[in-house]
Amino acid sequence: MARHSDYPIDDLFLNRWSPRAFSEKKVPTEIVYSILEAARFAPSASNFQPWRFVIAQTDEELATFAEFILPGNRLWTDHKVPVLILLLSDKYRPNGEPNPYHAFDAGAAWQNLALQAHKLGLATHAMGGFDKAKARELLQIPEQFEVLTLIALGYQGDKSDLPEQLQEREMPNDRRPLSESIVSFK
Ligand SMILES: Cc1cc2nc3c(=O)[nH]c(=O)nc-3n(C[C@H](O)[C@H](O)[C@H](O)COP(=O)(O)O)c2cc1C
């Protein structure tokens, strides 16, 4: 399905989507860092930059991450996705008080990352389908950080390599009309 916008927007927003078919091709470290660098420049409340990234790239690191990914996502991530990034956010301001915007700001970092990856010809796919407590335990993540999302990063692969049940979903999806998102409760 080709995406169309009702009002003109940059193609970047229409053409980024989240495939499940990834190529095993390795991603050079400089490219991974360029993509994270885009995330680094996301806006955040008081410029606290609450996002943190745990990166898995080696076979050993990817095998550890696979231990906390839920089976439905392992169908397409196992042995394929060359880079997995666990997105965390620091729940506290530097003065120790809670930062109510930590997850909001980390979401902005994820979007920067996804769009920069797309511009460099790579694909991303965010996942909530993983065991956050197990991720925390295996990666020894302190309580101060919220475990938010796991991000698959790599070059897009062949749809035909996916299990059959995922092949039919391997296309960009649509959005509800803008008018349904603009609300007034008066
Ligand atoms: C926080 C979050 C969690 C998600 N969890 C999963 C997941 O566990 N498995 C999966 O296949 N896709 C997951 N997705 C992908 C969404 O389904 C996808 O982004 C959405 O359908 C919009 O499609 P698009 O990214 O291709 O535009 C997740 C996306 C986000 C942002």
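**View 1. The buried residues of helix H2.** In this predicted model, helix H2 has five named positions that are buried, namely Val32, Ile35, Leu36, Ala38 and Ala39. Because these residues cover an arc of only 145° around the axis, they lie on the same side of H2. The face of H2 that is turned away from this buried side carries Glu30 and Tyr33, which are exposed.

**View 2. The length of H2 and what covers it.** Helix H2 runs over residues 29-40, and at 1.5 Å a residue its 12 residues should span 16 Å, which agrees with the 16 Å that separates its end C-alpha atoms. The buried residues of H2 are covered by elements that include strand E1 (51-56) and strand E2 (83-90), together with helix H5 (102-119) and strand E4 (145-154).

**View 3. The residues around the ligand.** The ligand is surrounded by 14 residues, of which Arg3, Ser18, Arg20, His125 and Gly128 are the closest. In the side chain of Arg20, an N or O atom is 2.7 Å from an oxygen atom of the ligand. A polar side-chain atom of Arg175 lies 2.8 Å from a ligand oxygen atom, and for a polar side-chain atom of Asn173 the distance to an oxygen atom of the ligand is 2.9 Å.

View 4. Two elements, helix H4 (71-77) and strand E3 (123-127), each give two or more residues to the shell around the ligand, and E3 gives the most, with three residues.

Methods: Residues numbered from 1 in each chain as written. Predicted model: local features only at pLDDT ≥ 70, side-chain atom pairs only at ≥ 80, totals over all residues. Heavy atoms only, no water. Helix = DSSP H or I, 4+ residues; strand = E, 2+ residues; numbered from the N terminus. Expected span 1.5 Å × (residues − 1). Buried < 20%, exposed > 50% of the residue type's maximum accessible area, 1.4 Å probe, protein only. Arc of directions from axis to C-beta. Contact = heavy atoms within 4.5 Å. Near = heavy atom within 4 Å. Polar contact = N/O pair within 3.5 Å; in protein donor to acceptor, adjacent residues only side chain to side chain.
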